[in-house]
Amino acid sequence: MTKTLLFLFFSLLCSLSYSQSDIEVTNSNFQEFYSSGTNVVYTISVKNNGPAVAQNISVTNQKPMGIQTMSWTGPNGFYGSGNLSNTIGTLPVGATVSYIVMIQIPTTFVGNLTNEKKKKMAAGVDPDLTNSI
């Protein structure tokens, strides 16, 4: 059985020590459909478009509803199972940090795999919210 895949929920909370930073968040797996009983792998990328260095960016990605197994790997050897929760201490201008997330679709899963993509940042610190919502 093939179902539509509308992937990802993640939020990004960023507190910056001084100037503004345009934090761009993207996700991708280039897959429109999934099959029950398979694994889905996608990438979350966090990029600092400047003009300032970003500090203490909190990246979270909740398991989609109905998913029991999720694991992830991130920068500097960080990894985990279940919900992704990681902090990027410093993200220089132009730098990108990527996370690889794998979810296991239960064989009994029915319906669309849906969730939403979100970004949460302190007010006034990101001059362009359109590239990460």
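**Chat about a core and its strands**

Reader: Hi! Before we start, what kind of model is this?

Author: Hello! This is a predicted model.

Reader: Thanks. How many residues has the largest nonpolar core?

Author: That core has 22 residues. Those with the most contacts inside it include Ile44, Leu84, Tyr99 and Val101.

Reader: And which elements give two or more residues to this core?

Author: They are β3 (21-28), β5 (39-51), β6 (54-61), β7 (69-73), β9 (84-91) and β10 (96-104).

Reader: Let's zoom in on Tyr99. What does tyrosine 99 touch, leaving out residues up to four places away in sequence?

Author: Quite a list! Among them are Ile44, Val46, Val59, Trp72, Pro75, Leu84, Asn86 and Ile88.

Reader: Which side chain makes a polar contact with the side chain of asparagine 86?

Author: The side chain of tyrosine 99 does, at 2.7 Å. Beyond its neighbours within four places in sequence, asparagine 86 is also in contact with Ile57, Ser58, Val59, Trp72, Pro75 and Phe78.

Reader: Switching to strand pairing: how many bridges join β5 to β10?

Author: Nine, and these two strands run antiparallel. One example is serine 45, whose bridge partner in β10 is serine 98.

Reader: In what sense do β3 and β5 pair?

Author: Antiparallel, over seven bridges. Serine 21 stands opposite proline 51 in β5.

Technical notes. Residues numbered from 1 in each chain as written. Predicted model: local features only at pLDDT ≥ 70, side-chain atom pairs only at ≥ 80, totals over all residues. Heavy atoms only, no water. Core = buried A, V, L, I, M, F, W, Y, C linked by side-chain atoms within 4.5 Å. Buried < 20%, exposed > 50% of the residue type's maximum accessible area, 1.4 Å probe, protein only. Helix = DSSP H or I, 4+ residues; strand = E, 2+ residues; numbered from the N terminus. Contact = heavy atoms within 4.5 Å. Polar contact = N/O pair within 3.5 Å; in protein donor to acceptor, adjacent residues only side chain to side chain. Pairing = 2+ DSSP bridges.
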